[in-house]
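Hello,

Here is the structure I promised to pass on to you. Have a look through it first, and then read on for what I found.

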Number of protein chains: 2
Amino acid sequence: MNATSGKAPDSLLKLENFLCFAIYSTANAVTRAYQPRLAALGLTYPQYLVMVVLWEREKQTVKSIGEKLSLDSGTLTPLLKRLENAGLITRRRDTVDERQVLIGLTDEGRATRKRAEAIPLAIGQAFGCTLGEAKDLRAELMTVRDNLIASIDKAN
Amino acid sequence: MNATSGKAPDSLLKLENFLCFAIYSTANAVTRAYQPRLAALGLTYPQYLVMVVLWEREKQTVKSIGEKLSLDSGTLTPLLKRLENAGLITRRRDTVDERQVLIGLTDEGRATRKRAEAIPLAIGQAFGCTLGEAKDLRAELMTVRDNLIASIDKAN
DNA sequence: CACAATTTAGTTGTGTGCAATACGTTTCCA
DNA sequence: TGGAAACGTATTGCACACAACTAAATTGTG
């Protein structure tokens, strides 16, 4: 629902009532807030997310990374090539199933994790809410996200 | 805060704890959910937001639109040119202050509003939450957004 | 008034997102 | 087992976002 006051019938088309705009605009603010810190590591925000996924478990396929981040190969393939060129990850075809490409970490990629550990706390402060509030908000967003994805899938 | 359980020290770097990822990923889902409906109007999601701003008040400067959507001229200028080419808006230099460009609606741009009125309700259903929940979530996100923007400004 | 600082758009370059499509590999099953 | 269907990745094309920069107009100040 686009959180309207429910008064005027046209209030549904007012920007200030749009939940979707709040999400869109906050997402832009997130990447802007991360940018200076990540630039020090030579990473963009989506690249950082890929690294986070790999720091949790090395040796994943493109598909596995894509499922965790909800991104397709059209986005990931060029992004992964940039991370490879930066010397942070490795890319090689699986010899058993040659459809798959296995992504791994280089020593430099592993080492970057240490330099990234300070970032979540700093960003957390910028959010300006308590840990509990953040946890609740995160849960609500993930529910909304899953609902949206379900409605998209249902339409196809 | 990246909503962690607060147990292990490295849990701050786990994707499942990231509030920022929830925001990022939900924003992507929002644009995907809007896409088929907006495509019928020949609009992208950011273009739709610009039209919403103009439906609320015609004759705005690029700067005014940018402030409402938190977008700069690097994003808006090409987007507005596409809307102009699509015949939905007009662009002309202000004769009083020639730094400014005034954006207005064409008849077709105004007419498109009617065709867009059904969208918020349909998307609202896809969110799968009540009007009250949406309103609360929107308010929390806008607070987080403003905090993020304030922290970015403070750093400069 | 002169002119430096500010304001407003536009331009350029990089990196996403995603639809549509292509292509080689694997799986399924008649 | 042969071939169609499904799968995993890559490619192409378009449209954002945003940093960095440019250019023109206006404002502020001595």
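This is a predicted model: local features need pLDDT of at least 70, side-chain atom pairs count only at pLDDT 80 or more; totals for chains, interfaces and linings use all residues.

Let's start with DNA strand D. It is surrounded by 25 residues, and the closest are A:Asn28, A:Lys63, A:Gly74, A:Arg99 and B:Gly74. Both chains contribute elements here: α1 (19–39), α3 (62–69) and α4 (73–85) of chain A, along with α2 and α4 (73–85) of chain B, each give two or more residues to this surface. Sorted by class, the surface near DNA strand D holds 12 polar, eight charged and five nonpolar residues.

Now for DNA strand C, which has 26 residues around it. The closest of these are A:Gly74, B:Asn28, B:Thr61, B:Lys63 and B:Gly74. At least two residues each come from α2 (45–56) and α4 of chain A and from α1, α3 (62–69) and α4 of chain B. The biggest giver is α4(A), with five residues. By class, there are 12 polar, eight charged and six nonpolar residues near DNA strand C.

Finally, the two protein chains touch each other: 58 residues of chain B are in contact with 58 residues of chain A. On the chain B side, α1 (19–39), α2 (45–56), α6 (119–127) and α7 (131–154) each give two or more residues. That side of chain B has 37 nonpolar, 12 polar and nine charged residues.

Note on methods: Residues are numbered from 1 along each chain as its sequence is written. Chains are lettered from A and ligands numbered from 1 in the order in which they are written. Two residues are in contact if their C-beta atoms, placed from the backbone, lie within 7 Å. Helices (H or I, at least four residues) and strands (E, at least two) are DSSP runs, numbered from the N terminus. Ala, Val, Leu, Ile, Met, Phe, Trp, Tyr, Cys and Pro count as nonpolar, Asp, Glu, Lys and Arg as charged, and the others, Gly among them, as polar. A residue is near a molecule or strand if its C-beta atom, placed from the backbone, lies within 6 Å of it.
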